[in-house]
Amino acid sequence: MKRTLARMVNTSLNQLLDTKQPSRLICEKLGQMKGKKKGKRFNRLVSLWTIALIADRVGFKASARGSGRQQVNPSYTSQTCLRCGSNSKLENLLKKGAKER
């Protein structure tokens, strides 16, 4: 399982770096991700190992190909437009907070 997952991560990263040729890779800072199938301890171990593997490979591949690597807080990233960077919900919350002051 470990070798298969490591191979899949490497293949996916190579494809991404070959086709997109990014100047930097932006990753979310992920803590523990929760699983649902096995026991709590097993899920935690698998999750931590997977996150560590992906983080290690992204760092290695990015530096080997001359791309930078940046980690960002995952808050609101799923609501942010990747093209323009706007985040309507976050912007509305900030505007509302500014009006209340």
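**View 1. The S67 side chain reaches the backbone oxygen of P22 at 2.7 Å.** This is a predicted model, in which local features need pLDDT of at least 70, side-chain atom pairs count only at pLDDT 80 or more, and totals for chains, interfaces and linings use all residues. Residues are numbered from 1 along each chain as its sequence is written, and side-chain values use heavy atoms, with hydrogens and water left out. S67 sits in the loop that links α2 to β2 (68-72); helices (H or I, at least four residues) and strands (E, at least two) are DSSP runs numbered from the N terminus. S67 counts as buried because its relative accessibility is 11%, the limit being under 20% with a 1.4 Å probe and protein chains only. Beyond neighbours within four places in sequence, S67 is in contact (heavy atoms within 4.5 Å) with L17, P22, S23, R24 and A62.

**View 2. The largest nonpolar core has 9 residues.** Its members are A6, V9, L13, L17, L25, C27, L53, V58 and A62. Such a core is a set of buried Ala, Val, Leu, Ile, Met, Phe, Trp, Tyr and Cys residues joined through side-chain atoms within 4.5 Å. At least two residues of this core come from each of α1 (2-20), β1 (24-28) and α2 (40-64), and α1 gives the largest share, 4 residues.

View 3. With neighbours within four places in sequence set aside, V58 is in contact with L13, L25, C27 and R69. Along the sequence, the chain runs α-β-α-β-α. Of its 101 residues, 17% count as buried.

Technical notes:
Buried < 20%, exposed > 50% of the residue type's maximum accessible area, 1.4 Å probe, protein only. Polar contact = N/O pair within 3.5 Å; in protein donor to acceptor, adjacent residues only side chain to side chain.
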